[in-house]
Amino acid sequence: QEGADFGKYEYYAKCASCHGVSGKGDGTVAKYMTKVPADLTTYAKRNGGVFPTQLAWQVIDGRPVEIGAHGTRDMPVWGQEFRRETLRPADRLGPGGPGPEWHVARRISALIDYLASIQTK
């Protein structure tokens, strides 16, 4: 699966428990958190109407970034998790195949495509 469909799968698997199936910050574990998870459907609105692709990438990947509206770095660093998952023996590809960073980038890109698709107008 590619694009938003794969991104939706990734979102449900990694993000929905906190951010909610709808992306509004109302996931099943949100009530146990000290800070309410961000409403991801308003990410573009909170950025002057433009979806902040680079910021979203940095937050998901876990690169150093001023978090701002996201809150603290309490959110899991999915880039690291994706790298660990890609390094499992069952996920390794032979010589000459795409490396772990390609797989990580593909998963983050799919997540971003899905997040962009759920933005409120």
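**Helix 5, length check.** I started with helix 5: at 1.5 Å a residue, its 18 residues should span 26 Å, and the end C-alpha atoms sit 26 Å apart, so the two agree. I'm working from a predicted model here.

**Helix 5, what is buried.** Next I listed the buried residues of this helix: H103, V104, R107, I108, A110, L111, I112, Y114 and L115. An arginine in that list made me look again. R107 belongs to helix 5, which covers residues 100–117. Its relative accessible area is 12%, and the cut-off for buried is under 20%, so R107 counts as buried.

**Who does R107 touch?** Leaving out residues up to four places away in sequence, I found contacts with F6, E10, K14, F82 and E85.

**Salt bridges.** How many salt bridges are there? I counted 1. R107 makes it with E10, and the closest N and O atoms are 2.7 Å apart. E10 lies in helix 1 (residues 3–14) and R107 in helix 5, so this pair ties together parts that are 97 residues apart in sequence.

**Cysteines.** I then searched the whole structure for disulfides and got 0. C15 is in none, and the nearest cysteine sulfur, on C18, is 8.5 Å away. C18 is likewise in no disulfide, with the sulfur of C15 as its nearest at 8.5 Å. The cut-off for a disulfide is sulfur atoms within 2.5 Å. Is C15 buried or exposed? C15 is buried, at a relative accessible area of 11%.

Methods
Residues numbered from 1 in each chain as written. Predicted model: local features only at pLDDT ≥ 70, side-chain atom pairs only at ≥ 80, totals over all residues. Heavy atoms only, no water. Helix = DSSP H or I, 4+ residues; strand = E, 2+ residues; numbered from the N terminus. Contact = heavy atoms within 4.5 Å. Buried < 20%, exposed > 50% of the residue type's maximum accessible area, 1.4 Å probe, protein only. Expected span 1.5 Å × (residues − 1). Salt bridge = Lys/Arg side-chain N within 4 Å of Asp/Glu carboxyl O.
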